[in-house]
Amino acid sequence: MNYRFQNLLGAPYRGGNAVVVNNTLLISPVGNRVAVTDLQKSETLTLPCQASTNLRRLAASHDGVFLLTVDENNRCLFINLPRRAVLHRISFKHPVADAKFSPDGKFIAVAAGKLLQVWRAPGFKKEFFPFELVKTYADCNDRITSLDWSPDSNYLVVGSKDLTARLFYLKNGNAKKNSYTKPFLFLGHRDVILGAFFGVNKNTNVVTKVYTSSRDGAIFSWGYNDSDGKSNEIDGDFSDPESPGTPEQGQGQDGEDGNEVNLKKRKKIDAEDDEMDGTNGPALHKMKWELLKKNFCMQAPAKLTACDYHKGLDMVVVGFSNGVFALYQMPDFVCIHLLSISREKITTAVFNDLGNWLTFGCARLGQLLVWEWKSESYILKQQGHYFDVNCLAYSSDSQLLATGADDNKIKVWTVSSGFCFITFSEHTNAVTALHFIAGKSCLLSASLDGTVRAWDLIRYRNFRTFVTPTPKQFVSLASDQSGEVICAGTLDSFEIFVWSMNTGRLLDVLSGHEGPVHGLMFSPTSAILASSSWDKSVRLWDIFEGKGGVEKFDHTHEILTLVYRPDGKQLACSTLDGLIHFWDPIEGLEMFSIEGRRDISGGRLMSDRRSSANSSAGKCFTSLSYSADGGYILAGGSSKYICMYDVADQVLLRRFQITQNLSLDGVLDFLNSKNMTEAGPLDLIDDHDSDTEEGVDKQIRDKLAYDLPGSMPNNGRPIIRTKCLRIAPTGRSWAAATTEGVMLYSMDESFIFDPTDLDIDVTPEAVDAALKNDQPRIALILSLRMNEDALIKKCIVAVAPSDILAVASSVPFRYLQRLVEALAELLEKCPHLEFVMQWSQELFKAHGDSIQQNSRKLSPAMKSLQKAITMLHQDLADTCSSNEYMLRYLCSTSNKK
């Protein structure tokens with residue numbers, strides 16, 4: 001029962017900026033969580049930590065160890081990315097528009113409103129207050145929009161909404177109270193500056209240019225003339241009012257008599273700093289900068305919405321509000337590519353470290369693309385559902401997960417990698433039900449467009465379409481164990497239609513319900529079909545015998561869904577009053593019921609007049625799912641909770657909270673009375689929309705419902721709910737279709753911390769020392785980390801037969817493929833056949849569940865082992881047969897003598 005959050009599917013991107021670290025790891029915000037995509041292995045995972053609201057900004061250190069996340073409430077999480085753990089938390093006082101680590105990793109520059117704050121980056125050590133504010137610059141007259149560090153971490157170029165870019169000098173982080181250098185102003189833009197970047201010399205890595213881009217599509221190039229550097233120097237005693245929010249550091253203990261001495265010391269130190277700056281590189285703040293060239297993208301009326309610059313390639317990528325992106329070679333402004341992704345606003349565009357891959361994100365479509373501009377090919381192309389997911393279904397081997405949504409699309413995901421590999425878009429209305437046919441690569445889907453379609457998951461095509469004489473709206477779906485009979489329940493005519501899978505003909509129409517048929521399921525052990533309806537009844541039908549309705553179970557409230565226990569001896573259904581009724585379908589008797597009103601209640605909507613405890617809305621279960629053994633049942637509904645009940649004892653085992661995202665409605669149990677005004681709740685009043693004022697329609701997923709005709713003017717705040725629940729046939733994981741996306745919970749440890757990762761001395765000598773000290777487990781893991789074939793085989797053979805079970809159980813899953821390949825090679829060449837076979841047996845016993853969950857990934861290694869065992873079996877069989885015949889011949893000849 002120890003289920004933990006594993007991954008989030010169905011929403012690869014929802015707004016904010018994407019970051020690429022280590023050249024292949026793509027980090028993107030997904031609501032209040034962070035998704036990490038490995039572009040080489042084609043795998044995605046979601047970090048277990050959550051922010052309080054939707055994430056607005058991400059920043060990663062250059063070595064890929066630390067990650068900084070800032071949400072809409074300006075709360076910051078400082079995360080150790082390899083360990084996936086939150087190290088520190090801090091709240092900023094102003095909205096954060098941008099944040100970046102310095103190239104040396106010592107500082108973090110944060111654009112907090114009009115202020116530019118430089119913080120000292122915390123490390124691994126425990127500190128009482130790890131974030132130290134080093135310097136605050138208050139020179140900008142409006143909100144800062146972008147910033148960039150120089151390669152030596154001494155300068156910052158900052159763009160703001162006051163149409164100006166500024167060059168700030170950090171002085172190596174020595175923040176003195178009266179030490180102030182006036183920033184240089186880059187003027188001339190006619191619109192808000194969205195990007196400001198340093199251009200460097202490729203040979204010397206010294207800053208030679210500055211590029212600034214504005215929202216009207218203008219890109220300006222700036223350069224300096226170092227011959228006039230001395231004439232532009234600014235005196236060191238230039239004084240301005242103190243920067244707000246900067247702590248006073250290093251105050252002298254002398255009185256007024258020591259002021260002159262301190263002033264002399266300060267001037268002497270400043271002079272030494274200036275000399276140092278001259279030796280390390282040009283003093284950019286003393287140079288005479290001039291405008292070299294004005295370039296325009298000529299995409300009017302579209303506005304520039306995202307941009308990035310790669311220092312090594314001297315290239316600029318820009319994205320526009322009409323879905324067009326352009327790649328330019330600087331400083332000549334040569335257009336290399338000008339292509340369109342979609343018709344929606346591009347919200348992020350970023351280079352990777354090498355500059356060969358471009359990452360684009362479109363928040364409204366939930367689209368994330370990685371494009372290689374040299375070969376003009378996609379490295380990654382993922383897009384989530386446009387609207388909430390309505391239904392989902394597991395394949396029989398629990399490796400595939402299908403989702404259907406209101407955007408008329410069906411997506412099939414690989415559970416282990418978290419990637420969508422096929423999208424079916426033939427439906428013309430919302431998809432309401434999905435069902436995998438056991439033992440076949442076939443997926444069934446029902447939709448409100450009046451069709452039930454069968455999909456071939458090998459050829460990726462719709463090979464059968466089931467329709468009715470008159471158009472109906474289907475909301476439920478089921479098939480028998482053989483997959484030859486398909487049934488679907490309707491929303492409008494209250495009937496159940498039965499088709500033949502082989503011929504596609506309509507076999508029967510079952511009538512009797514007086515309300516929409518929202519629950520439909522075949523018995524796992526017999527040919528009985530169970531259906532539930534809003535007419536307060538559950539009916540059992542015998543389809544094959546042609547008897548029609550066999551049994552009817554009446555209830556006092558409307559029935560929302562039903563589900564059979566895997567052994568077919570129990571039937572569970574949920575009613576509108578929050579009860580789960582359990583029936584014996586064979587005897588036709590109600591066994592017991594579970595009251596879940598108090599368990600699922602929680603969360604008050606902004607528009608609710610009553611508190612969550614006194615409100616009756618949403619206190620019912622709309623989705624049920626039995627475990628593989630039938631011991632417990634999962635239940636979810638219009639609430640932030642998912643409940644797990646023990647069926648035998650009728651008790652609540654565990655309650656899962658879907659999310660802690662305060663950007664969603666229904667997460668808080670108690671609302672703040674300060675947010676209530678005469679016009680209603682403050683959160684429901686759309687008092688400002690900055691992007692609309694600036695000429696670009698605000699395109700984020702939170703505003704979708706607000707733009708739809710006939711929708712409630714709820715400011716587009718999504719309401720947290722669970723629409724569908726499914727437990728995997730293996731019982732090791734389960735999935736929930738929620739407002740946040742498809743959440744996967746698993747009992748398998750998705751991340752195992754390997755203590756040997758902390759050891760930097762991974763050498764063959766260390767392996768020999770571990771073997772000498774009788775530590776075969778450590779020796780084997782070290783050899784697997786080194787990936788040396790000879791060392792791996794040496795460590796395998798060195799393990800005593802009695803210790804094989806313990807050593808095999810301790811091997812992390814990430815090394816399993818390499819270990820299986822080594823065992824396959826040993827079987828072909830090693831004379832110790834029984835020893836290697838025992839290794840294989842114990843390894844599969846210890847990691848059987850993980851192997852089954854990731855069988856597609858381990859398939860090549862498993863086939864190699866199977867091939868080696870088969871060849872060995874054939875050789876032994878031939879040897880035994882020849883020996884047997886030889887012994888028979890010898891025995892026969894001895895008897896004759």
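Analyst: Let us begin with burial: a residue is called buried when its relative accessible area is under 20%. The model discussed here is predicted.

User: How is a pair of aromatic rings described?

Analyst: Such a pair is described by the distance between the ring centres and the angle between the planes. In this structure, the count comes to 33 aromatic pairs. One of them joins F186 and W289 edge-to-face, with 5.6 Å centre to centre and 80° between the planes. This pair links distant parts of the chain, since F186 belongs to strand β17 and W289 to strand β21, 103 residues apart.

User: Are F186 and W289 buried or exposed?

Analyst: F186 has 0% relative accessibility and therefore counts as buried. W289, at 6%, also counts as buried.

User: What geometry does the pair of F474 and W499 show?

Analyst: F474 and W499 are edge-to-face, at 5.6 Å centre to centre and 75° between the planes. F474 lies in strand β38 and W499 in strand β40, 25 residues apart. W499 is buried because its relative accessible area is 0%, and F474 counts as buried at 0% relative accessibility.

User: Which residues form one aromatic cluster?

Analyst: One cluster is formed by F184, F186, F220, W222, Y224, W289 and F296.

User: Where does the charged end of R33 sit?

Analyst: The charged end of R33 sits over the ring of F5, 3.9 Å from the ring centre.

Note on methods
Residues numbered from 1 in each chain as written. Predicted model: local features only at pLDDT ≥ 70, side-chain atom pairs only at ≥ 80, totals over all residues. Heavy atoms only, no water. Phe/Tyr/Trp six-rings, centres within 6.5 Å; stacked < 30°, edge-to-face > 60°. Helix = DSSP H or I, 4+ residues; strand = E, 2+ residues; numbered from the N terminus. Buried < 20%, exposed > 50% of the residue type's maximum accessible area, 1.4 Å probe, protein only. Lys NZ or Arg CZ within 6 Å of the ring centre and 35° of its normal.
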